[in-house]
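Please look at the chain shown here.

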Amino acid sequence: MGPKRNALHLVRRHLAAMPGYKPMDSIDVVARDLGVAEEDIVKLDGNENQYGPSPKVAEALGGFGFYHLYPDPEQRRVREAVAAYVGADASQIVMGNGSDELLSIAAMLFLSPGDTMANAPPTFGVYTFLGHVYDANIVQVERNEDFGLDLPALERALDDGAKMLYIASPNNPSGNCFPRDQLERLLAHNAMIVVDEAYAEFSGESFVDMVTEHDNLIVARTFSKWAGLAGLRAGYAVFPAALAEIVWNVKVPFNLTVAAEQAILASLEDREWLNENIALIVAERERLFSRLMGLPWLRPYPSQANFILCEVRGPAAKDVCDRLAEQGIMVRYFDSPGLRNCIRISVGKPDHSDRVLDALKGMGAGVGK
Ligand SMILES: Cc1ncc(COP(=O)(O)O)c(C=O)c1O
């Protein structure tokens with residue numbers, strides 16, 4: 001036996017070296033850092049639902065008496081309810097710890113080290129992160145200037161051997177959906193297409209109905225955004241039935257908590273309340289968009305989700321973001337090749353928009369100067 005070495009050398013080499021995914025801070029951490037109360041923070045950096053969950057969720061969680069027992073490993077009740085909600089068969093649905101977990105399961109199913117994955121940036125950073133976790137080669141096919149897909153280039157990537165492609169619709173952070181005929185074209189290739197519909201309830205568009213006819217389509221969905229359950233981690237995906245059978249064999253058991261299960265069931269029973277809030281958010285999105293258009297140094301992009309991306313003309317987006325944070329207003333900024341000098345503002349209640357608009361107006365174009 002040789003001398004005992006530091007255990008870090010046992011870590012798979014590509015994981016030890018990979019860049020991590022940096023999610024935003026939680027509200028308690030932000031409040032502590034800024035030295036203000038959580039209630040005074042306007043949190044518009046995570047595309048969360050400021051109306052919160054249905055009041056029936058707290059009732060269901062308070063009245064539930066079996067937190068000491070494991071959930072149903074086959075997630076039967078909740079799958080039936082979700083299947084009825086999305087118009088799929090329960091055999092096609094697998095629930096998970098946020099839709100992030102289902103996106104990760106998709107990568108686990110298809111990506112061996114050295115396989116190629118295509119990606120369409122600017123988009124949700126988790127896709128590239130998952131490619132790195134599974135040691136895939138990632139072909140980045142930049143979107144067009146209007147954030148539409150570069151379809152010929154994506155099709156070439158699939159023809160050249162990319163096994164898998166994630167596409168968000170609506171896309172985060174640009175807010176645009178992609179058309180059905182483009183999905184049909186991608187599905188004609190020998191590759192798995194994972195459509196991420198985290199924001200579908202705000203656009204009213206979905207591709208779930210196409211899963212039954214295509215054995216290479218997975219649609220990931222979530223209760224985080226429209227139903228306000230981000231903190232409870234409640235996601236799912238609609239799989240071709242044969243693939244779902246494999247997922248049951250490879251995923252960890254009990255990956256949906258009983259709390260998430262109760263919250264999902266209560267949410268689906270209170271659709272009317274939640275739909276009213278979706279309508280309020282969509283109306284507020286349009287109001288915020290027109291107000292942002294009135295600021296000459298911002299160029300907002302039309303959105304079908306619950307956030308608005310704005311190009312910042314002149315000042316540095318990071319400075320704008322920092323200046324807003326000083327006032328307790330959290331937004332995201334981006335500055336990467338396909339996403340130069342942008343901020344993304346989540347759509348909250350009208351008073352949240354007013355706070356951010358007042359702060360932006362107060363800054364003018366002199367930020368960072
Ligand atoms: C495009 C997209 N997909 C998935 C997620 C993750 O959602 P969940 O909370 O269901 O894991 C997010 C979260 O912001 C997102 O923007």
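The paragraphs below describe a predicted model.

The domain assignment divides the chain into domain 1, made of 7-51 + 272-362, and domain 2, made of 55-270. Their C-alpha centres lie 23 Å apart. The contact draws 28 residues from domain 1 and 31 residues from domain 2.

Consider next an open sheet. Its 4 strands follow the order E9-E10-E13-E12, and their pairing is antiparallel. Strand E9 (298-300) and strand E12 (332-336) each have a single partner strand and stand at the edges, so one side of each has no neighbour in the sheet. On average, neighbouring strands of this sheet are turned by 30° against each other, direction ignored. Strand E10 (residues 307-312) pairs with strand E13 (residues 339-346) in the antiparallel sense over 5 bridges. Leu309 has Arg344 in E13 as its bridge partner. Helix H13 (residues 317-326) lies across E10, E12 and E13, and runs at about 165° to E12.

Now return to the interface. The size of an interface is often given as the accessible area lost when the parts come together. Between them, domain 1 and domain 2 bury about 2500 Å², with 65% of it on carbon and sulfur atoms. On the domain 1 side, Tyr21, Leu274 and Gln304 lose the most area to domain 2, together 26% of what that side buries.

What polar links cross this interface? The rule finds 12 residue pairs in polar contact, but 0 salt bridges. Helix H1 (13-17), helix H12 (271-293), E10 and E13 each give two or more residues to the side of domain 1 that touches domain 2. The largest share of that side, 7 residues, comes from H12.

How values were computed:
Residues numbered from 1 in each chain as written. Predicted model: local features only at pLDDT ≥ 70, side-chain atom pairs only at ≥ 80, totals over all residues. Heavy atoms only, no water. Pairing = 2+ DSSP bridges. Axes fitted to C-alpha atoms, helices over the stretch in contact; angles between N-to-C directions. Contact = heavy atoms within 4.5 Å. Domains from an automatic or database assignment. Buried area = accessible area lost by both parts, 1.4 Å probe. Salt bridge = Lys/Arg side-chain N within 4 Å of Asp/Glu carboxyl O. Polar contact = N/O pair within 3.5 Å; in protein donor to acceptor, adjacent residues only side chain to side chain.
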